[in-house]
Amino acid sequence: MCNEEDYLMLSGIQHFQFCKRQWALIHIEQQWEENVRTVEGHHVHQRVDQPFTREKRGDKLIVRAMPIKSNDLGISGICDAVEFIKDKNGVEIHGMAGHYLAYPIEYKRGKPKVGDEDVLQLVAQAICLEEMLLCEVKTGYIFYNEIKRRIEIPLTKEIKEKVEAIVKEMQDFYERRYTPKVKTGKFCNNCSLKNICLPKLMNKQSVKRYIEGRINE
């Protein structure tokens with residue numbers, strides 16, 4: 001795979017699933033623009049991310065802001081939190097007695113979405129943990145700040161294969177430095193890159209295409 005410094009950001013999976021053009025503008029063209037949603041999202045994560053801290057609660061070990069990566073997929077990122085629950089079927093954790101099962105936890109500012117972009121990001125974290133810890137991660141959680149509770153997410157083989165396919169496509173776009181054209185929709189109104197992307201302008205017919213169309217009439 002590529003050098004580690006060239007790994008794609010794991011968090012980009014949710015951008016890619018939401019809008020491939022948005023992902024390309026951010027991760028290939030390095031463009032970004034804050035809006036209320038992104039600022040609120042940063043605030044939620046600041047309260048969670050206390051770099052690589054450990055907290056022991058009985059048979060549970062909570063590791064916050066845990067760096068993760070997958071050499072196979074060429075992605076890296078930060079897990080908001082990973083809960084390690086003592087279980088005889090788990091794996092050994094350095095400095096801890098016994099065996100533990102790993103449960104990744106992702107924190108989001110809003111409420112559960114119609115799309116699966118949040119779930120896919122969590123699944124990518126699980127894939128990284130599986131590779132790093134040599135274990136199977138079957139369950140994860142997404143905590144939504146708006147509803148003040150977390151949702152249990154089954155991490156199936158099928159959803160993991162979907163994430164692997166998505167990351168492969170991301171890698172292809174990145175290697176070709178390809179920014180796809182926009183497909184507009186209501187979701188564009190909530191995009192932090194709306195003013196940069198200019199979806200209405202992108203959808204306008206070029207002069208060349210207009211003339212060619214008239215000639216062929």
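This is a predicted model: local features need pLDDT of at least 70, side-chain atom pairs count only at pLDDT 80 or more; totals for chains, interfaces and linings use all residues.

Trainee: Why does Cys-79 count as buried?
Mentor: Buried means under 20% relative accessible area, exposed means over 50%, and partly exposed is in between (1.4 Å probe, protein chains only). Cys-79 has 0% relative accessibility, so it counts as buried. Cys-19, at 13%, counts as buried too.

Trainee: And why is Leu-134 called exposed?
Mentor: Its relative accessibility is 74%, so Leu-134 counts as exposed. Leu-134 belongs to the loop between helix 4 and strand 6. Its phi is positive, about 55 degrees, although Leu-134 is not a glycine. Most residues other than glycine have a negative phi.

Trainee: What makes Pro-112 partly exposed?
Mentor: The value for Pro-112 is 42% relative accessibility, so the label is partly exposed. Pro-112 sits in the loop between strand 5 and helix 4. Leaving out residues up to four places away in sequence, Pro-112 touches Tyr-144, Ile-147 and Ile-151; contact means heavy atoms within 4.5 Å. Pro-112 and Ile-151 are 39 residues apart in sequence, and their C-alpha atoms are 8.5 Å apart in space.

Trainee: How do you know that helix 2 is largely enclosed by the rest of the structure?
Mentor: Seven of its eight residues are buried, so helix 2 is largely enclosed. Among them are Trp-23, Leu-25 and His-27. Helices (H or I, at least four residues) and strands (E, at least two) are DSSP runs, numbered from the N terminus. The protein has eight helices and seven strands.

Trainee: What makes a set of residues a nonpolar core?
Mentor: They are buried Ala, Val, Leu, Ile, Met, Phe, Trp, Tyr and Cys residues joined through side-chain atoms within 4.5 Å. The largest such core has 39 residues, and Trp-23, Met-66, Ile-75, Phe-84 and Val-163 touch the most other members. Helix 4 gives the largest share of this core, eight residues. Leaving aside neighbours within four places in sequence, Phe-84 is in contact with residues including Leu-61, Met-66, Tyr-100 and Leu-133.

Trainee: What makes a space a pocket rather than a cavity?
Mentor: On a 1 Å grid over the protein atoms alone, a cavity is a set of points where a 1.4 Å probe fits but cannot get out. A pocket is an open set with protein on both sides within 12 Å along at least five of seven lines, and lining residues have an atom within 4 Å of a point. Eleven residues line the second largest pocket, and Glu-5, Asp-6, Tyr-7, Leu-8 and Tyr-174 lie nearest its centre. Helix 5 gives the most to this lining, with three residues.

How values were computed:
Residues are numbered from 1 along each chain as its sequence is written. Side-chain values use heavy atoms; hydrogens and water are left out.
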